[in-house]
Amino acid sequence: MFCPTLNKRPAWKVLEKHRKTLEKTRMRDLFAADSQRFDRFSLSAGGLFLDYSKNRITDNTMPLLYDLAKVCGVEEWRNRMFAGEKINISEDRPVLHTALRRPAGDSVTVDSENIMPFIHGTLSKMEKFSRDVRSGTWKGHTGKKITDIVNIGIGGSDLGPRMVCRALRNEAISEPAVHFVSNVDGTDIQQTLRGLSPETTLFIVASKTFTTQETMANAQTARQWLLSSLKEDKAVARHFTALSVNADAAVSFGIPADNLFPFRDWVGGRYSLWSAIGLSICLEHGFDAFRDLLRGAYEMDTHFRAAPLNRNMPVILALLGIWYRNFWKAQCYAVLPYAQNLSLFPAWLQQVDMESNGKSASRNGNTIFYETGPAIFGTAGTDCQHSFFQLIHQGTDIIPCDFIGVKEPMSPHTGQHKMLLANMAAQGQALMEGRDEKSSVGNPHRSFSGNRPSNTLIMERLDARHLGMLLALYEHKIFVQGIIWSINSFDQWGVELGKILTSDILNGKGALDSSTRGILQRFDIT
C-alpha cells in the first residue's frame, strides 16, 4: 500500500486540525489536571520501559496517529518484511536483518531457499573461530597467540560493532583487545597500529562488496604493514579474515575461503551488526554475549510483530516522531543516553535513521511534498548538559528528546549513578515545566518557555540482551516512519554519487567545475 499523497489523506487532515487545538495547551497543565497521565502514557516491553507522558498529546492524539499508521499499511508492510518479501523496491531485495536473530528451527524463504540453515551455519563458524582466537588455539604465522584485533570497515561495518563493543566493555576480558579503523585518513590506521605487533595482530576486513574505497585502502595498508615484518605472503592467511558477500575478491586479496564469514545482500550495511559483521563483538566479548544480543533483538522483533499498535513500543516512538516532524515542523531530534558506555549510540543511530529515511522520493518514484527524516544529534549525559542543552531549553526551535537511562549501576560508585539519573530526570522535568518570568525574578534571560517534549527509556541493565532490545526498538521505529512517509528505508543512493566522483577525480576523469578544480589545485591534486 502506497501513500504518495500522504498529506492529502483524511487521517492527515484530521491530525492537522487536532494539532491546532493544542497550540496553547501546556503539558504542565495536563499533568496537574490528570494524576494518571504517567500510567496511561507509559508501557514496558521485556526489560525496557518507555514513559511518553511528557509529550504534547492528549487522549485524542494517539488514536488519530494510530489511524494514520493503519491507513498507511504499517501492519501489512511489517508482515511483508518479516515474510521475506522484496520490500527494498529500488534494489529488488528482501529486508531480512531480522532473520539473523531468529531461532534455527524457523523457516524464512528467499528465492525458494530456506535461509535459516545458512544463517546458523555462519553463526556456528563465528562461534568456533571466536572461541579459538580467545583461547589461543588460533595462532598467528609465527605461532604466537593473537592479542589484538583490528576491525577495518566503514559505516555499518564499523559503527554497529564499534558501538556494541563500547557499550559492553564492562564485560570485556583483557585479551584480545579490539580496535577499529574506518577513516581513509591515513592517521587513523597509523595511530591504531602504533604499539601493535604484526605477530600477534589479526585483521578483520569488513566490507559487504569488498570494494569499498576507504576500507580497501586501509586493508592494503594493513597488509603492507604485516608483510613488511613477516615477509611471507602466506602470513596473510593467519592474520586476516573477511566479512563479505564477495568471496572471490577476498580470496584474491590473500584471505583463504576458510577465513571468510559470509552474509547475503538482503542485509543492509547499517543493519549488519547482527550478521558476520558482528565478529569483532564475538572476539571481544565472547560468542555467548553475541548470542544474548541476538536474543534481545529477537524479543523486540516478537513484540513489534505481536503487540497491538496502541501497546507497541516501536510504533509509539515512530508516531510521536511523525507528530513532531510533520505537524510541529521539528527539524531535529536529540538522543541522550545517560550512560557513558552508550556514548556511541547516537552516532550509530544517526546512520541507521538518516541513511534510511533521508529521502525525498516516494517508493513509486514521485517527489514528496512533506517532511521526512529529521536531523539527529546527541551524546552521553551529563556531558550533553554542558554543550548543546542551552539550545534545547531556550532555543527558538522545538527539539524533541529521547532520554535513555540504565537502572542498574555499571560501576561501584552508586552515589554517582544516583546523581546521573537525577540529572536525567531533572532535564526532562525542566524541558516540560519550564520557568516563567515571575519565577525567574522578572529576568527574561532566566525564563524557560518549557512545553518541550521528551521520551524517557529505562533499561533494567546494560547487558547484551537489553542492548539488543534497544537497538531493534530503534530499527523498527525507523521502519514504521519510512512506511508512513512512503519511502524505501533500505536503499542509500544518496551516498553513491560522491563515491563515483571521487573515483573520477583520482583517475583524472570527468568535467570539474571551477570551484572543485580550484580546491584540488590548492591540495596539489591534479
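## Exercises on burial and backbone geometry

Thr 215 is buried, with a relative accessible area of 1%; buried means under 20% relative accessible area, exposed over 50%, and partly exposed in between, with a 1.4 Å probe and protein chains only. This is a predicted model in which local features need pLDDT of at least 70 and side-chain atom pairs count only at pLDDT 80 or more, while totals for chains, interfaces and linings use all residues. Residues are numbered from 1 along each chain as its sequence is written, and side-chain values use heavy atoms, with hydrogens and water left out.

### Exercise A: the whole chain

Task: State how many helices and strands the protein chain has, and explain why it can be called as compact as a globular protein of its length.

Solution: 
1. The protein chain holds 20 helices and 13 strands. Helices (H or I, at least four residues) and strands (E, at least two) are DSSP runs, numbered from the N terminus.
2. Its radius of gyration is 24 Å, close to the 24 Å that the globule rule gives for 526 residues, so the chain is as compact as a globular protein of that length. The radius is taken over C-alpha atoms, and the rule is 2.2 Å times the number of residues to the power 0.38.
3. Of the 526 residues, 52% are buried.
4. Among contacts with a separation of 6 or more, 74% join residues 24 or more positions apart; contact means heavy atoms within 4.5 Å.

Task: Identify what Thr 215 and Ala 222 contact beyond their neighbours within four places in sequence.

Solution: 
1. Thr 215 belongs to helix 9 (residues 213-230), and Ala 222 has its place in helix 9.
2. Leaving those neighbours aside, Thr 215 touches Ile 152, Gly 153, Ile 154, Val 205, Ala 206 and Ser 207.
3. For Ala 222, the corresponding contacts are Ile 152, Ile 189, Phe 203 and Phe 240.
4. Ala 222 is buried, with a relative accessible area of 0%. Its C-alpha atom is separated by 8.5 Å from that of Leu 193, 29 residues apart along the chain.

### Exercise C: helix 18 and helix 4

Task: Decide whether helix 18 is enclosed or open to its surroundings, and find what covers the buried residues of helix 4.

Solution: 
1. Helix 18 (residues 464-485) has 22 residues and spans 32 Å from its first C-alpha to its last, close to the 32 Å expected at 1.5 Å a residue. The expected span is 1.5 Å times one less than the number of residues.
2. Of its 22 residues, 22 are buried, so helix 18 is largely enclosed by the rest of the structure.
3. In helix 4 (residues 61-71), the buried residues include Thr 61, Met 62 and Leu 64.
4. Their cover includes helix 1 (10-21), helix 5 (74-83), helix 14 (313-327) and helix 18.

Task: Describe the backbone at Ser 486, at Lys 329 and between Gly 381 and Thr 382.

Solution: 
1. Most residues other than glycine have a negative phi, and most peptide bonds are trans.
2. Ser 486 has a positive phi of about 60 degrees although it is not a glycine. Ser 486 follows helix 18 and is buried, with a relative accessible area of 0%.
3. Lys 329 also has a positive phi, near 60 degrees; Lys 329 sits in the loop between helix 14 and strand 10 (332-338) and is partly exposed, at 46%.
4. Gly 381 and Thr 382 are joined by a cis peptide bond, with omega about 15 degrees. Thr 382 lies in the loop between strand 11 (375-377) and helix 16 (389-394).
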